[in-house]
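Welcome! Here is a friendly first look at the spaces inside a protein model and at what surrounds them.

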Amino acid sequence: MINPAISYQPQNLISRDIRQNNSKKQNSPNSSDYTRTSIFYVNDYHGRAINMERTITASNEFDRFVPTEKTDKLKLSSGDIMLGEDSLINTVAATFLKLIGVTASAVGNHECDTKPDEIKNLFPSLSYNLLACNLKNKDNNDDFHKYIKSSVIEEHNGNKYGIIGTVPSDLLTRLKYAKVFKEKEIAPANIDETIKMVQAEVDKLKSQGINKIILLSHSGYGYDIKIAKATEGIDVILGGHSHNLIKDIEKDVNLFTSKSGEPVIITQAGRDGKNFGVLNLEFDNKGIIKKAQNNVATTRVFSRNAPARHVFDMILGKPEVVGYVRTAPPIMQNDLVDPSPLANFALDAVREKTGSEIAIITSALMRGSLEKGRVDTRTIAELSPFKNKIVNVYYTEKELVDAIKFSAYSFKNRNNKPGLIYTSGLRYVVSKEGKLKELKFVKPDGTLENIDINNPRTDKKYLVSVNDYIAAGGDNFSMLNKIKKAEIVFDYDLTKCVEDYFRKHNEPVDIVDDGRITVVDS
């Protein structure tokens, strides 16, 4: 059932009045000519099948509700529903969007995780439109571009909506096969170019009489704000990529004024399918938002949809129970900069299996959750579903210090990128001002050895387990780019380490915060 504290039924959601100072843009007080719209939106599910199953239950309830007044219902995605190279996971993601009735989705970076030659097997079968107006070579007719549109027009109850999409400007820095894509001349525009391309698409839609325009953006929250302020004609930006959890509607947080003085609302529902949103709007007859409410609900309060679970099992295979969690951590408030007991546990499992002195992973690559109770292989596979191989590399003190300092800057970045580095074999203190305050190495006997963060040694090295993406300098961790000097590349990933840990240790597991990462105010 729906959490009683969270109502998302259309008749109850039109509550916040948005008034503009420009009286010319307002309807007459006696006018009753308006359009009510309810948008069910998702972003950044990252292949999380279990949360997809729960979202399908929520979506079905949304569909069954009949509002007292005519309301247009839309289902839209802001990208990164897929993840990694596993074609089965991506098939599940595409099936999920089909089952909930999504009609259009932005192209996120994770829709491009696989090799270009594999895309031709995936994109043609999608039941929804893929949108990205900011590809500089979007007129190419190769296997990537020919399935991507700049915008579409949807009609609901006689009302027309223009829907535009964007890919992230940093697309090529996010892809494992970026060099292969470059050979295909996939060129995402930078943010200034993107703004111009979005405006051009808006103008094209307006010339066709469309006055209700939605941008499906995978550009990130900070850039979405810039787009909202620098363009005119956009009413709603359904965002993604930066994994912000934006609840309600608040001025200068997700309610902004466009270049022409009209309201623009930005949404985003976090990451990994932990939440979804419903945005309810009332437009006047000029297509200007006059009332709105944004509700974000957690998927955990919804049951897993049994038919969808069966369909996903048919695709992925039936999971096997391998262990039991006695104590599980609470839901993280900010996945990128909060310490993670789950990451601590997973990296301890990595270090035990590889025999390294230290294990690290970036928070952006640590996904999923383990709840109290039985643990199966499906749940474990979602912890880091990228399938990046574990490698052992020797890093110097300076390289490790530089990497952690770089990750600490996430507190100062509006999008919290690139996220904290999680560790096993290290303990550190970081401030919310983005400064590394203290770093210690955990010796094999459990005692702590201080590392001078101001003058780290270049002649002192540690054997570190890391995945092949970060070892290749992924997510701009250039100081860790030593994949060619790896001591060994294992034929397994982090999830295999966790699965083997459960199989090896029969006792119930307690996943708790042991304080290895401490966040202080200053």
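Predicted model: local features only at pLDDT ≥ 70, side-chain atom pairs only at ≥ 80, totals over all residues.

The structure contains three cavities of 30 Å³ or more. Its largest pocket has a volume of about 620 Å³, while the largest cavity has a volume of about 230 Å³.

**The largest cavity**

- The largest cavity, with its volume of about 230 Å³, is lined by 19 residues.
- Closest to the centre of this cavity are His-110, Arg-174, Leu-365, Phe-386 and Tyr-469.
- Which classes of residue make up the lining of the largest cavity? Eight of the residues are charged, seven are polar and four are nonpolar.

**The second largest cavity**

- By class, the lining of the second largest cavity has eight nonpolar, five polar and two charged residues.

**The largest pocket**

- For the largest pocket, with its volume of about 620 Å³, the lining consists of 20 residues.
- Nearest the centre of the largest pocket lie Leu-175, Lys-176, Ala-178, Lys-179 and Ala-472.
- Helix H5 (178-183) and helix H12 (468-471) each provide at least two residues of the pocket lining.
- Of the elements around the largest pocket, H5 gives the most, with four residues.
- The lining of the largest pocket has eight nonpolar residues, together with six polar and six charged ones.

**The annotated domain**

- An unreviewed UniProt entry places the feature "domain: 5'-Nucleotidase C-terminal" at residues 335-481.
- How much helix and strand does the chain have over residues 335-481? The stretch is 24% helix and 29% strand.
- The end C-alpha atoms of residues 335-481 are 24 Å apart.

Conventions:
Residues numbered from 1 in each chain as written. Heavy atoms only, no water. 1 Å grid on protein atoms, 1.4 Å probe; cavity = no way out; pocket = protein on both sides within 12 Å on 5 of 7 lines; lining within 4 Å. Points joined across faces, edges and corners; volume = space filled by probe spheres on them. Nonpolar A, V, L, I, M, F, W, Y, C, P; charged D, E, K, R; others polar. UniProt positions renumbered as here; feature names shortened; annotations may be inferred.
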